[in-house]
Amino acid sequence: MTPGRPAHVRTSSEVLDDERLVEEPRDLLAEEDGFGELAARMAPLADERRLRILFCLHAHPLIRGSDLARAIGAHESTTSHALALLREAGWVHAVRTGRVVRYELASGFAHDLLHELGSGHLDDVDHPHHRAHDGHPGHDGHPGHDEHHGHDGPDGHHAHGGPSADDGSGRRTGA
């Protein structure tokens, strides 16, 4: 996680006076809302253990909580509490199959952010939507199909997922 070059720069070489440099961002901020909700959603990321959990889920979607605990070297109860906080904040989604509960990232935003933070995938984890766009077959032999049925979040980016969909809040709907 090394800092890169600036993500964007001014397109004009015009030197703005200080008053305009204050006024323009102030006007922009006045048009936006939801900073409290965004801060609450981002707060769980300020914990190393929860970040480790997210990196594990990004690398290996649909892992059990007990296996996550072993992977990060934590007690199951501590990991369970961290997963509950991440679920409440919309970062992860629990998928129940019978008595087994597995976890995955809840949105394309979480997936994309983890890529930006340097998280990678294991060798057998892929982006099914890439194959759908380039015509390569998925694991079942059909173009774009995989054992993980992907979904797009509200921003149009892919997240690993099961049969449920992102409802735009970062939480999943459906089975």
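## Nonpolar surface

Helix 2 (residues 35-42) supplies the largest share of the nonpolar patch, namely three residues; helices (H or I, at least four residues) and strands (E, at least two) are DSSP runs, numbered from the N terminus. The patch covers about 450 Å² and is made by Leu-29, Phe-35, Leu-38, Met-42 and Phe-109. Patches consist of residues with over 30% relative accessible area and no salt bridge, like charges being joined within 9 Å and nonpolar side chains (Val, Leu, Ile, Met, Phe, Trp, Tyr) within 5 Å. Accessible areas follow the Shrake-Rupley method with a 1.4 Å probe, and for residues only the protein chains shown count as cover. Met-42, in helix 2, has a relative accessible area of 31% and is therefore partly exposed; buried means under 20%, exposed over 50%, and partly exposed in between.

The model is predicted: local features need pLDDT of at least 70 and side-chain atom pairs count only at pLDDT 80 or more, while totals for chains, interfaces and linings use all residues. Residues are numbered from 1 along each chain as its sequence is written, and side-chain values use heavy atoms, with hydrogens and water left out.

## Strand pairing and the core

Strand 2 (residues 92-97) and strand 3 (residues 100-105) pair in the antiparallel sense over six bridges; pairing requires that DSSP finds at least two bridges between two strands. The two strands form a hairpin with two residues between them, and Gly-98 in the turn has a positive phi of about 65°. Within this pairing, Arg-96 stands opposite Val-101 of strand 3.

The largest nonpolar core contains 18 residues, and those with the most contacts inside it are Ile-53, Leu-54, Leu-57, Leu-83, Trp-91 and Val-92. Two or more residues of this core come from each of helix 3 (48-59), helix 4 (65-72), helix 5 (76-88), strand 3 and helix 6 (108-116). Such a core is a set of buried Ala, Val, Leu, Ile, Met, Phe, Trp, Tyr and Cys residues joined through side-chain atoms within 4.5 Å. Not counting residues up to four places away in sequence, the residues that Val-92 touches include Leu-54, Leu-57, Leu-83, Tyr-103 and Leu-105, where contact means heavy atoms within 4.5 Å.

## Helix 4 and its charged pairs

The buried residues of helix 4 are Gly-65, Asp-67, Leu-68, Ala-69 and Ile-72. Their cover includes helix 3, strand 1 (63-64), helix 5 and strand 3. Gly-73, with a positive phi near 70°, follows helix 4.

Asp-67 is buried, with a relative accessible area of 19%, and forms a salt bridge with Arg-64, the closest N and O atoms being 2.9 Å apart. A salt bridge is a side-chain nitrogen of Lys or Arg within 4 Å of a carboxyl oxygen of Asp or Glu. Arg-64 is partly exposed at 32%. Asp-67 also meets Arg-70 in a salt bridge (3.2 Å, N to O). Because Arg-70 and Asp-67 are three residues apart in helix 4, about one helical turn separates them. Arg-70 is exposed, at 67% relative accessibility.

## Other salt bridges and a loop contact

The count of salt bridges comes to five. Glu-14, Arg-20 and Glu-24 are linked in a network, in which the side chains of Glu-14 and Arg-20 meet at 3.1 Å, N to O. Glu-14 is partly exposed at 43%, as is Arg-20 at 33%.

Gly-120 lies in the loop between helix 6 and helix 7 (128-134) and is partly exposed, at 36% relative accessibility. The C-alpha atoms of Gly-120 and His-58 are separated by 7.1 Å, although the two are 62 residues apart along the chain. Not counting residues up to four places away in sequence, Gly-120 touches His-58 and Ala-59.

Conventions: Buried < 20%, exposed > 50% of the residue type's maximum accessible area, 1.4 Å probe, protein only.
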